Amino acid sequence: MLQAVRRRAVESARQALAACLRAEAETVARISLLEVSARRDRAISDNWEDGHQFQEMAAIRSAVAREERGAAALHLAEAITASEQARVVLTAARTAAEAVDQLIAERATASQADVVRLAQHELDDIARPARRHAGQLHSPPGRPGT
């Protein structure tokens with residue numbers, strides 16, 4: 001039962017880490033899109049006939065983009081922190097599961113050794129009278145076996 005609980009904990013931690021890594025990747029993709037958009041805006045800024053109007057729109061768009069990039073960078077830092085914490089949790093869950101597996105294996109080995117030891121004692125108990133009897137048969141006349 002404990003083994004199943006530990007395995008579920010490992011799977012749960014693995015899924016949590018996957019969710020964190022997905023969020024991290026989505027945030028990186030969002031930042032990349034914002035950077036591509038900013039480069040595109042800079043590239044076409046010289047091609048507008050009404051450059052002064054574009055400069056006003058570009059300044060507004062640039063301010064919004066900076067805010068979006070700042071929010072995305074903050075979200076990325078949070079996602080990275082969450083991923084690191086999820087890795088720690090997964091490592092702890094795996095370690096606990098391995099400890100349970102090892103304990104179960106050690107107990108099984110000890111139990112098997114006990115079974116073998118009891119079987120050997122039973123064989124020794126059965127063989128003891130036979131050895132005494134065999135010793136009496138092979139003793140010289142007049143001397144009983146030990």
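Buried means under 20% relative accessible area, exposed means over 50%, and partly exposed lies in between (1.4 Å probe, protein chains only). This is a predicted model, in which local features need pLDDT of at least 70 and side-chain atom pairs count only at pLDDT 80 or more, while totals for chains, interfaces and linings use all residues. Residues are numbered from 1 along each chain as its sequence is written, and side-chain values use heavy atoms, with hydrogens and water left out.

**View 1. The chain as a whole.**
The chain has 2 helices and 0 strands. Both kinds of element are DSSP runs, numbered from the N terminus: helices are H or I with at least four residues, strands are E with at least two. Of the 146 residues, 14% count as buried. The accessible surface is about 11200 Å², and carbon and sulfur atoms hold 59% of that surface. Accessible areas come from the Shrake-Rupley method with a 1.4 Å probe; for residues, only the protein chains shown count as cover. Among contacts (heavy atoms within 4.5 Å) with a separation of 6 or more, 81% come from residues 24 or more positions apart.

**View 2. The start of the chain.**
Methionine 1 sits in the segment before helix H1 (2–44). Methionine 1 counts as exposed because its relative accessibility is 83%. Met1, Leu2 and Val5 make a nonpolar surface patch, with about 340 Å² of accessible area together. Patch residues have over 30% relative accessible area and no salt bridge; like charges are joined within 9 Å, and nonpolar side chains (Val, Leu, Ile, Met, Phe, Trp, Tyr) within 5 Å.

A salt bridge is a side-chain nitrogen of Lys or Arg within 4 Å of a carboxyl oxygen of Asp or Glu. The whole structure holds 4 of these. One joins arginine 14 and glutamate 11 at 3.0 Å, N to O. Both residues lie in helix H1, 3 residues apart, about one turn of the helix. Arginine 14 is partly exposed at 36%, and glutamate 11 is partly exposed at 34%.

**View 3. A salt bridge between the helices.**
The side chains of arginine 30 and glutamate 68 meet in a salt bridge at 3.4 Å, N to O. This pair links distant parts of the chain: arginine 30 is in helix H1, glutamate 68 in helix H2, 38 residues apart. Arginine 30 is partly exposed, at 39% relative accessible area. Glutamate 68 also counts as partly exposed, at 27%.

Aspartate 114 and arginine 117 form a salt bridge at 2.1 Å, N to O. The two are separated by about one helical turn because they stand 3 residues apart in helix H2. Aspartate 114 is partly exposed at 36%, and arginine 117 is partly exposed at 45%.

**View 4. Two places where sequence and space part ways.**
Threonine 95 lies in helix H2 (residues 51–137). Threonine 95 and valine 10 are 85 residues apart in sequence and 9.2 Å apart in space, C-alpha to C-alpha. Threonine 95 is partly exposed because its relative accessibility is 47%. Valine 28 belongs to helix H1. Valine 28 and histidine 75 are 47 residues apart in sequence, with 9.6 Å from C-alpha to C-alpha.
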